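Work through these exercises with the sequence and the model side by side. Try each task before reading its solution.

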Amino acid sequence: AVMMDGNVIQIGTPDQVYDDPQDLRVAEFIGSPKINVLEAEAGQGGRLSLAGRLLPVGLRQAGDGPVRIGLRPEVLRLAAQGEALIDGVVAHRENLGAEVLLHATVPASAQPVIVRLDHGAARSVSLGARIGLSFAPEAALCFDQAGRRVALVEVPATAEAVHA
């Protein structure tokens with residue numbers, strides 16, 4: 001059980017709580033480094049955009065307004081040219097031996113976004129480099145403004161998905 005302020009927030013195995021947090025506080029509490037939380041916008045029909053770029057996910061129940069997208073550092077990957085969902089600039093590199101943590105500044109977050117890569121994948125990325133990041137749609141966690149989990153569905157890529 002995860003308790004905060006004397007209240008049980010979520011009950012489950014450690015894997016269930018990590019993979020399927022039902023509250024943003026739980027998502028931020030479990031995991032190291034902590035989950036990246038990005039400000040996003042739900043538009044017409046619940047389609048999500050991040051810094052003006054449409055994402056391959058949308059709200060299961062249509063709605064609009066601000067939401068937060070949670071992305072664990074290990075679900076982010078360097079994107080090929082033209083496939084980026086998030087653009088950033090590498091502000092810091094933490095070389096942990098077999099792994100490297102890249103800290104990138106991105107428009108949708110006041111905090112650096114942390115990307116966990118294996119040493120080989122990060123070898124060519126230098127400090128100050130512009131990078132594009134992507135993630136599998138099923139890896140995104142969405143939370144409403146109160147911090148409650150919101151269900152997502154995958155949205156097929158279209159020509160309009162490049163920029164909103």
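**Exercise 1. A strand and its neighbours**

Which residue in β4 is the bridge partner of Ala42?

Solution. 
- Start with the ground rules. This is a predicted model, where local features need pLDDT of at least 70, side-chain atom pairs count only at pLDDT 80 or more, and totals for chains, interfaces and linings use all residues. Residues are numbered from 1 along each chain as its sequence is written, and side-chain values use heavy atoms, with hydrogens and water left out.
- Strands (E, at least two residues) and helices (H or I, at least four) are DSSP runs, numbered from the N terminus. Two strands pair if DSSP finds at least two bridges between them.
- Find the strands. β3 covers residues 36–42, and β4 covers residues 47–50.
- Read off the partner. Ala42 bridges to Leu48 in β4.
- β3 and β4 run antiparallel and are joined by 2 bridges.
- Turn to the other partner. β3 also pairs with β6 (residues 65–71), again antiparallel, over 7 bridges. There, Glu39 stands opposite Arg68.
- Check the cover. In β3, 5 of the 7 residues are buried; buried means under 20% relative accessible area, exposed over 50%, and partly exposed in between (1.4 Å probe, protein chains only).

**Exercise 2. The hairpin turn**

Which residue in the hairpin of β3 and β4 takes a positive phi?

Solution. 
- Count the connection. The hairpin has 4 residues between its strands.
- Pick the residue. Gly45 takes a positive phi near 75 degrees.
- Locate Gly45. Its place is the loop between β3 and β4.
- Gly45 counts as exposed because its relative accessible area is 55%.
- Look across the fold. Gly45 and Arg60 lie 15 residues apart in sequence, and their C-alpha atoms are 9.3 Å apart in space.

**Exercise 3. Two sheets**

In what order do the 7 strands of the open sheet run?

Solution. 
- Write the order. It is β13-β12-β6-β3-β4-β5-β14, with antiparallel pairing.
- β13 (149–150) and β14 are the edge strands, each pairing on one side only.
- Step past β14 (152–154). Pro156 is in the segment that follows. Pro156 is exposed, because its relative accessibility is 61%. Pro156 and Leu55 are 101 residues apart in sequence but 9.6 Å apart in space, C-alpha to C-alpha.
- Take the sheet of 5 strands. This open sheet has the order β7-β11-β8-β9-β10 and antiparallel pairing. β7 (77–78) and β10 (113–118) each have a single partner strand, so one side of each is left without a neighbour in the sheet.
- Zoom in on β7. It pairs with β11 (residues 130–134) in the antiparallel sense over 2 bridges. Arg77 stands opposite Ser134 in β11.

**Exercise 4. The whole chain**

How many helices and strands does the protein chain have?

Solution. 
- Count. The chain has 3 helices and 14 strands.
- Box the chain. Along the principal axes, the C-alpha atoms fill roughly 45 × 40 × 25 Å.
- Buried residues make up 45% of the 164.
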